[in-house]
Structures are given as structure tokens and as C-alpha cells.
Amino acid sequence: MTSLLQIENVSVHFPTRGSLLRPGPVLRAVDNVSLNLSRGETLAIVGESGSGKSTLGYAVAGLRAPTSGSIQVNAQRRHRDGRHPVQIIFQDPFSALDPRMTVEDIVGEPLRLSDTPVARRQRRERVADVLEQVGMPADAANRYPHQFSGGQRQRIAIARALIGDPELIVADEPLSALDVSIQSKILNLMDEIREKHGLSYFFISHDFGVVRHLADRVAVLYLGNIMEVASADDIFSTPSHPYTRALFEAVPRIGRGRRKRGTLLKGEIPTPLDPPSGCVFHTRCPRATAICTTTRPALESAAGRPGHLAACHHKD
Amino acid sequence: MTDAIDIRYERAPLPPAQSIWRLRYEKFRSHRVATYSLLCLALLILVCLSAWPLGQMLDIDPNKTNLLARFRPPSAQHWLGTDDLGRDVLLRLLYGGQVSIAVGVLATGLMSIVGIAIGVSAGFLGGRVDSVLMRITDVLIALPLIPLLIVLGSIDLTKLGLSASAANSPLFIFLRIVIIIALVDWTTMARIARAGTIQMRSRDYVRAATVSGAGRIYNVFIHVLPNISTPLIVAATLTVGRVILLESTLSFLGFGIVPPTPTWGNMLTNAQQLIISAPHLAIYPGILIFVTVMAVNFVGDGVRYAFDPRAENEGGSQ
Amino acid sequence: MLRYSLSRLSQAVLVIAIMSFMLFAVIGLMPGDPLENMFEGNPSLTPELMAQMRELYGVDQPITTRYWNWLTAALQGDLGYSSLYFRPVLDVLVPAMFQTAKLLVLTLMVSVPLAMILGTLASRKPNGMIDTLVGLFSFAAISLPNFWVSLLLIILFSVKLGILPASGSPMSDDAGFWIHVRHLVLPVGVLAMFHVGPLIRYVRAAMIETLSADFVRTARAKGLNERTVIVRHALRNALIPMVTVLALSFGHLFSGALVIETIFGMLGMGKLIYDAISNVDFNLALVGLLMATIVVLVANLLADLAYAVLDPRITL
């Protein structure tokens, strides 16, 4: 069986502004990333801000053309009746909805934009249907976004993503702008519609609690490079890469007292304009040795742990 | 593992749907000076439009010169007297008002189209297109408009292949002034449109539409333009006043609308020579220009106040 | 800083080159023919001689050739003759530039301090009595047609009261200082009114913003008296961007100068340009407009550089 999403050797580079004669340095937002996503699976992409995870998500959603490599979505349901196999949910629910449109126009927009137009009456019915599914009252359709709270807006954004009957939803930190009490409700909603619609999520997050709850597999991104990919259970119990380990250590947990010393990340994330040589993590890595500064480690499975890939010369 | 969604919470009563236009209308009404100015403008336009019936009623032709009836004082037929060529002052003022206001509105409309097209293209396309267009805007915004307009106003259209009779027809002279003002004064509109477009084009709702297959044209017309309309409408309103001033200045200098078509500006051209013999002829057109431009500017201020969500405690002071 | 200045300078040179071509093209579209205008009414001019002259001056050449001929001559210092004054264009324009410079400098000496005083007064109590009056004044100043105000003032002060002359410059050049001053009162007054309206609104807005800034609050909290706070701290900071605003208003000011000079019969740049275009004096119109353009662009360039020097936040 082919996987739903195949990302092969994808790089996204941005040229930066230089002077008239000399072009600026290239920003390597995503660098040679390969990932697979099976049908019905949720893949979480975690990493610090600036790791390129949003850029990768935009590339998957088709918002950003990869500089090299290929992204393939093997949609099963045919692209008709206003179907859009890939949809996206954003972080900021206040910027995600056009303030000049009614909720009905916002949610129905994918149908309006499809190659086979959907009649207005049918559109209205489908809008009402998805609004119901995301827990919004039917009379929300004639209102404007500013009349809703952040959580309600995120539900509307989910309804818009859902109406085209997608197979893959790219979710770009959909919870981090919400209040904690709302977060769990939206998380449950996303969980529920995933099962109901047989959806896959390409879930970008930096919240490990959320990732642990929702994700089947986790990929760790650092400076546009994949550091580690493994099933969620595996990676949380026994992370292999020193960077992943450091990330988990950095999460404050109640009742643990002082953190262990030495494993915490030191320094800032280096600029993607001029990434370090060899292993991009070596400048901050507690285990770095001479080889790390010269040779980039391949993403391979650790000894005795098939399916648990890590890009490190000194992985566990 | 999935909890039931707490639907009850989300079904808390929604606030009543209130149209944003209704809110704006009420806010504009609360800006008293702007409201009076709008009424004043409406009245002025009505009075100017009554020029034709009034001329019929009093049996006067506003363009007919009568050297035997120069500088007549106000009378039953000539309510404001006659000018240096014996023409009725009141009728010429009213017809002149039609022309001045029409130039103001039409030139503003045309320059809005030009400016918005340039600004939106610069903002949406970015890169080299943006920097070239914005350099042009920067230069044009700095240049002195009146000398440029005088040169453009003096162009001999027959050299561009137009027949002499067409080039000198009143309609062409009228259109020419509308076009040249729009050609040199679109810069403010372009800047506002560009700034708004850059802000809007990276909004997530534009991205969401793109994911669903929306193209640039769709995004510009459906998402960008409606969301940048507020500053554009405000700027356009204020522009009408500026254009009326520009037109009157040009016509005063002899490079705008030329007689026999009257405008408030060209009615003042001769006034300079008549300062000693008939100073009152210099008063009326100027007052009308001033009142119109002032009223338009106050309306613009009111529109700004009504449309700006932040201006809760500002304006509307009088 | 040097690199920035050089790049801005080269840009300005390019713009001036383009402007000169465009002006050349547009002025060529003015009514009449430069040669006919030059020799108008000369009885010894036969059609054959005219044809020879056309050949000699290259009038029938394509515009790019004519422009190139003009440009090479101009760069060697030959800007042509004024058909209106029968003198080399520069001999006419240089004294006019001094005349206009005098008018503009005097105007700025009135309008800038006036705008600062009124704008600051208005900003101290937004929507207060003074603010309302100042706002009304600036609205009126923006809305008044300057040529009409000139006419009214001439009627009042020259015709009715007879206390000020109706012309902007005295008949004889050796008139005393006070006579010069009396002639300049009305033109400078009207031009300053024309210039001050937008400036007041700018100063007011900038001061309101600055007065609510943290460093001003700190200054107040330190117990400095209000005068010191406003003059030393707020006004100073509000005025840095004013350099740019003033430079941008320079073109506007020059437009006003053209009208004022024409009405008050002052032989400045503005009136020369006006006369040149009215009388179809091609050379004078072209060079006059070009010089006005260069002056305005140089003023803007200097303002940009001054801004970069004054504002420490901009690093180049």
C-alpha cells in the first residue's frame, strides 16, 4: 500500500536580499527532508521556533514550492464535488478568518473555489452540516468572525478545512494561541473528526503534551534537518538523539525539582543563513566530537531499534 | 480516549448580529461637524444642479456676453449682478460648481483606480516590480504638482494626432484635466494600497484560500481589496477636496478649464485685473471653493473617525 | 553610511536623467514649433531658409536623437536661449533661483516655528479648547485656495487700506531694506499659511504619540517640570521625522511659490516657468522645470541622509 504523503529529499531555500551585484546568502529553511505519512496516521513535527517546521508544513499544503525534491499526495477520494485532498489549519484563529466575510462564506469558500462548482443551496447545507460537526450552532453561519471567541473561531477554521472532505490536514500549531481550557476541547474535537473522517494530520507543534495525546509518529526538526523520527511511544520513552533528549529535558514538569545539569541546551539556535558544518547540532551538543564537525550523520535506525531513525554519530 | 465535546458551552447565546455599516453610520452621525458638512455639501450640489431650470426661469444664458450690461448690481433678473462681460454671476457660479465638483469626483475615481492597481500589484508581486513601482512613487510624490500639471495642461493634443476641433471641445478639455490630475496624483492611493496589500497577503485566510486553489486575482478581489477599503475610502474622500483645489488653481492660471465653460477657478482669473473696479467678483467663487473643500475635508475626517475602530475617544469633539 | 549615500546619489542621478527625457518629450508637445516661435515675425525668413534652419537644428529628427543632441550640448554648458527674454536660459534662471530661495526660506522661517508652537499647544490636551481651535485653523489653511487668499489680502491691504504694496518685489533693486520687507509681507504670509496646515497636524500627531511614550513618562516621574519635559524630551524626539516631512512638503511648497510669484509679480523660478509655458518658450520651460525637479530631489536626498544621521536607530 502506498503511503498518503511522500516527502522525498525536499529542500526549501529562500534567497535573501543582497546588494545590487552580490546576491544575499541563501536561507536554508528546510534541508533535504524525507518523510512518509500513512493513511489515517498522525505525524507530529516538533522543534524549536526557527526549525523550519512551519515552512515544511506550507510546502506540504502547496503554499511553498520546494526548491528541490518532491512532495506527493496520493489522494484516494477523487478531486470533485468541491473536494480538496489537503487542507490547512493555522495557529492564529484571528488571522485565519476574513473579517469581511460571514461564517457561511468563509466555511463554504473551498466549495466555491473547486473546479466543479457547488450550487448555493447545496453549499449552505454542507456548511450547516460541518458547523454542526465542529460543535457550532447553525445560526453562526450568518455572523461575522469578530463575534466569536478564539476557540469558536478555531472551530470555524476546522469546519472550513473539513468541508472539502480532505484526506490530509496540515495543522500548524492549531492550539498554541488558545487558552489552556479551550485547548483540550479543540484537541478532542480534532481527535474525534480524525476517526470519523479517516483523516491524517500533519501536525506541527512544540507542545509535547499535545503531541503525546494525538500523534502516532513524531519527527524532530532542527535547523531544517530531521534529527529523529520514531513512533510516539518510542520517542517519548527512549529518545535516541541528544537533541530530542535535550528538548524533553527542557520541558518544565511539576514536582521534579531541579533539572539535571549538563543536558540542557546551551546557547541559541544558529542562523539558518549559515548552518554549522557536519552535524548541524554539533555547536550545542553535549556529545559532540571531532567527526560531528566534519561529517553529516545519515538518518538511520539505531542499533537494535528498527523503525526508530536518528541522525547522529553517537545515538543511543 | 475522546471525551464528548462540550457543545453546551459553545452554544452560549451569541451577541446580536449588528451590521458594521450601521455602527459606522451611527459613529459618523456622532461627528457633528462632519454631519453638517455632508448636509451642506448635499445642499450645495442640489443648488448647483438647479442652474439649468433657474436659467430657464430667469431667461438667461450664462455664456452670453453683453457689453452693454457690464458690472450690473444685483437685480430681479441678475440676482448677484453681472461680470465684466455682462454675464450673470449667479448662473456662472452654479455651472462652475457643477464642473468643479465633477472634476473632483471623477479625477478622484480615476486616480483611485490607477493608484490601487499600481499599489496592489506592487504589494502582491513584490520583488523587482515592487521596488521599481515604489521608486517611481517616491519621486512623483516629491515633485511639485502645479508646474507638472501646467506643462501637461499646455500639451497640444493635435500633436498627438487629435483633430483640432475635438482637442478644443469643452468635453475634451474637461476630460483632459481629469486625466492629468489622476496621472500625477495617484501616489497617495498607491502607497496606501501597497501597504495594505502587503499586510493582507500574508494573512492566513489568504493562505487558506490558496490551499483550496484560489489564484492571485481571486485573492486580490475577494480578500485583499475589501479588507483595505477603509483607508482607501478615507483617502479618496480627502482627495476630492485636494483635487477641487488643484483644478481651481489650474483654471485660475489658465491651464485648466478655459472659458466660456465657467469654473470657480477661471472666474477668478479676470478678478485680479478688476480688483479696483469690481472687488466683489473676487469674493463669491473663492468662498464657494473654500466652503466646498472645507466641507469635503470635514466629511473625510468624519469618515476616518467612523471607519477607524481605534478612534473611540477621538474626534467628534464639536 | 558612505555606501548608502553613494547608492542614493546614483539613484538620484538616474531619476534626473529619466525626468529630463520625459520633460523633453512632454515639452516638445507644447503648441507651436520652437523654430517658428524663435523667428516669428522675421520678414527675411523665406520658406527655403526655414527648411535649412530645420535641417540645422534637427527639428525633424526622431525624439531620441533630438534629446541626445540637447543632452550633449547641455552637459557642455549650452542650455540654449530663451525666446522670451532673448538671453541665455541660465542668465535668466539664476537670479530667479535666488528670488525663489529668498521666498521659500522666509516662508519656512514662519511656517515651521508656527507649526511647532500650535501643534505642541494642541497636543497637550487632545480635544480641548485649544486643540479644537488649532484643528479648525489647520483645516481652514488646508482648504483655502491660496490664490484667492492672495487676491483678498491685496484687496484689503493694498486697495482698501493702502498700507502694503500689491507686488512682491520693489520696482527698483536699490530700494531699502524695509521697503523689501513691506513687499514680502503678503507673499510670505500667504505661502506660510499654505504650508503650515498639514505641518500642524503632523506635529500634533507626533507630539501626542511621543507624550505617551515611556521615556516621557519617566522624565515626568523624575519630577522634571512640564516645560523641560515637552521641549527637551518630547519635542526633540518628535522632530526627527519632521525632517522627512519637511523635505516631502518641499514640492508642495514650490507649487505654492509658483502661484504666489505669479500673483505678486515676483520674478522667481515659479513665475518664470509659468511665463515660459504660457509663451511657449521651450528652452526656458525645460531647463526651469528640470532645475526645480533637481532642487526638490536633492532636498529629499539630503533629508534622507540627515534622517539617517539624526536617528541612531537606523544603521546603514
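Author: Start with an open sheet of 3 strands in chain A, in the order 2-1-4, with antiparallel pairing. Strands (E, at least two residues) and helices (H or I, at least four) are DSSP runs, numbered from the N terminus. Two strands pair if DSSP finds at least two bridges between them. Strand 2 (26-37) and strand 4 (68-73) of chain A are the edge strands; each has a single partner strand, so one side of each lacks a neighbour in the sheet. On average, neighbouring strands of this sheet are turned by 25° against each other, direction ignored.

This is a predicted model: local features need pLDDT of at least 70, side-chain atom pairs count only at pLDDT 80 or more, and totals for chains, interfaces and linings use all residues. Residues are numbered from 1 along each chain as its sequence is written, while chains are lettered from A and ligands numbered from 1 in the order in which they are written.

Strand 1 (residues 5-15) of chain A runs antiparallel to strand 2 of chain A, and 8 bridges join them. A:Pro15 stands opposite A:Val26 of strand 2. Helix 1 (residues 53-61) of chain A lies across strand 1, strand 2 and strand 4, at about 60° to strand 2. Axes are lines fitted to C-alpha atoms, for helices over the stretch in contact, and angles run from 0 to 180 degrees between N-to-C directions. Contact means C-beta atoms, placed from the backbone, within 7 Å.

Now strand 9 of chain A. Of its 7 residues (225-231), 6 are buried, so strand 9 is largely enclosed by the rest of the structure. Buried means 20 or more other C-beta atoms within 10 Å of the residue's own, with C-beta atoms placed from the backbone. Strand 8 (residues 217-222) of chain A runs antiparallel to strand 9, with 6 bridges. A:Tyr222 faces A:Asn225 across this pair. Their hairpin has 2 residues between the strands, and A:Leu223 takes a positive phi near 50°. Strand 9 also has 2 bridges to strand 11 (residues 309-310) of chain A, again antiparallel. There, A:Val229 stands opposite A:Leu309.

Last, the neighbours. The contact between chain A and chain B takes 34 residues from chain A and 24 residues from chain B. Helix 5 (180-197) of chain A is one of the elements that supply at least two residues to the chain A side. Helix 5 gives the most, with 5 residues.

Technical notes:
Two residues are in contact if their C-beta atoms, placed from the backbone, lie within 7 Å. A residue is buried if 20 or more other C-beta atoms lie within 10 Å of its own, exposed if 12 or fewer, and partly exposed in between; C-beta atoms are placed from the backbone.
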